[in-house]
Amino acid sequence: MAELATIARPYADALFKAATAGAGVDLGSTAAWMDELAAIAANPQLRQLADNPKVTADQVFAVFTGVARSALPDMAKNFLRTVIDNGPVSYTHLRAHETVL
């Protein structure tokens with residue numbers, strides 16, 4: 001099995017570039033919403049739902065945004081869509097920020 005850092009690295013790099021490219025983007029708030037997304041992704045029921053081939057990417061996205069404690073910023077939504085669209089939602093992918101933030 002591939003190293004977890006190897007799997008998460010492309011997501012971490014993309015997130016860091018996006019977070020540092022925007023003027024006024026706060027890395028602290030980015031880390032906060034990433035922690036929230038990772039906590040949601042760690043839920044076994046969410047993972048079971050996301051792994052179900054009958055469930056669409058839009059439905060998985062709706063669950064994430066529906067259970068988030070607050071409205072997600074556009075950057076968070078874009079990142080989440082990328083993770084969902086690129087395969088099974090993985091807690092590892094959503095913890096990617098820990099390697100760079």
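**Questions and answers on the model**

Colleague: In which helix is glutamate 36 found?
Modeller: Glutamate 36 belongs to the helix that covers residues 27-41. This is a predicted model, in which local features need pLDDT of at least 70, side-chain atom pairs count only at pLDDT 80 or more, and totals for chains, interfaces and linings use all residues. Residues are numbered from 1 along each chain as its sequence is written, and side-chain values use heavy atoms, leaving out hydrogens and water. The helix that holds glutamate 36 is α2.

Colleague: How many helices and how many strands does the protein have?
Modeller: Helices (H or I, at least four residues) and strands (E, at least two) are DSSP runs, numbered from the N terminus. From that end on, the elements run α-α-α-α-α-α. The count is six helices and zero strands.

Colleague: Is glutamate 36 buried or exposed?
Modeller: Buried means under 20% relative accessible area, exposed means over 50%, and partly exposed is in between, with a 1.4 Å probe and protein chains only. Glutamate 36 has a relative accessible area of 10%. Because that value is under the first cut-off, glutamate 36 counts as buried.

Colleague: Which residues does glutamate 36 touch, not counting residues up to four places away in sequence?
Modeller: A contact here means heavy atoms within 4.5 Å. With residues up to four places away in sequence left out, glutamate 36 touches Val67, Ala68, Arg69 and Ser70.

Colleague: Which residue forms a salt bridge with glutamate 36?
Modeller: A salt bridge is a side-chain nitrogen of Lys or Arg within 4 Å of a carboxyl oxygen of Asp or Glu. For glutamate 36, the closest N and O atoms of the pair are 3.9 Å apart. Glutamate 36 lies in helix α2 and its partner in the loop between α4 (57-67) and α5, so the pair ties together parts that are 33 residues apart in sequence. The partner is arginine 69.

Colleague: How many salt bridges does a search of the whole structure find, and what is the N to O distance between arginine 81 and aspartate 58?
Modeller: The search finds two salt bridges. Another bridge to look at joins the side chains of arginine 81 and aspartate 58. Arginine 81 lies in helix α5 and aspartate 58 in helix α4, so this pair ties together parts that are 23 residues apart in sequence. The N to O distance is 2.9 Å.

Colleague: Over the face of which residue does arginine 81 lie?
Modeller: A charge sits over a ring if NZ of Lys or CZ of Arg is within 6 Å of the ring centre and within 35 degrees of the ring normal. Arginine 81 counts as partly exposed, at 30% relative accessibility. It lies at 3.7 Å from the ring centre of phenylalanine 61.

Colleague: What kind of pair do the rings of tryptophan 33 and phenylalanine 79 make?
Modeller: Rings of Phe, Tyr and Trp (its six-membered ring) pair if their centres lie within 6.5 Å; planes under 30 degrees apart count as stacked, over 60 as edge-to-face and the rest as tilted. One aromatic pair is found in the whole structure. The centres of tryptophan 33 and phenylalanine 79 are 6.4 Å apart and their planes stand at 55 degrees, so the pair is tilted.

Colleague: How many residues apart are tryptophan 33 and phenylalanine 79?
Modeller: Both residues of this pair, tryptophan 33 and phenylalanine 79, are buried. Tryptophan 33 is in helix α2 and phenylalanine 79 in helix α5 (residues 74-85). The pair links distant parts of the chain, and its residues are 46 residues apart.

Colleague: What is the C-alpha separation of threonine 30 and alanine 19?
Modeller: Threonine 30 has its place in helix α2. It is buried, with a relative accessible area of 1%. Along the chain, threonine 30 and alanine 19 are 11 residues apart, and their C-alpha atoms are separated by 7.2 Å.

Colleague: What share of the residues in the protein is buried?
Modeller: The protein has 101 residues. Of the contacts with a separation of 6 or more, 69% are between residues 24 or more positions apart. The buried share of the residues is 34%.
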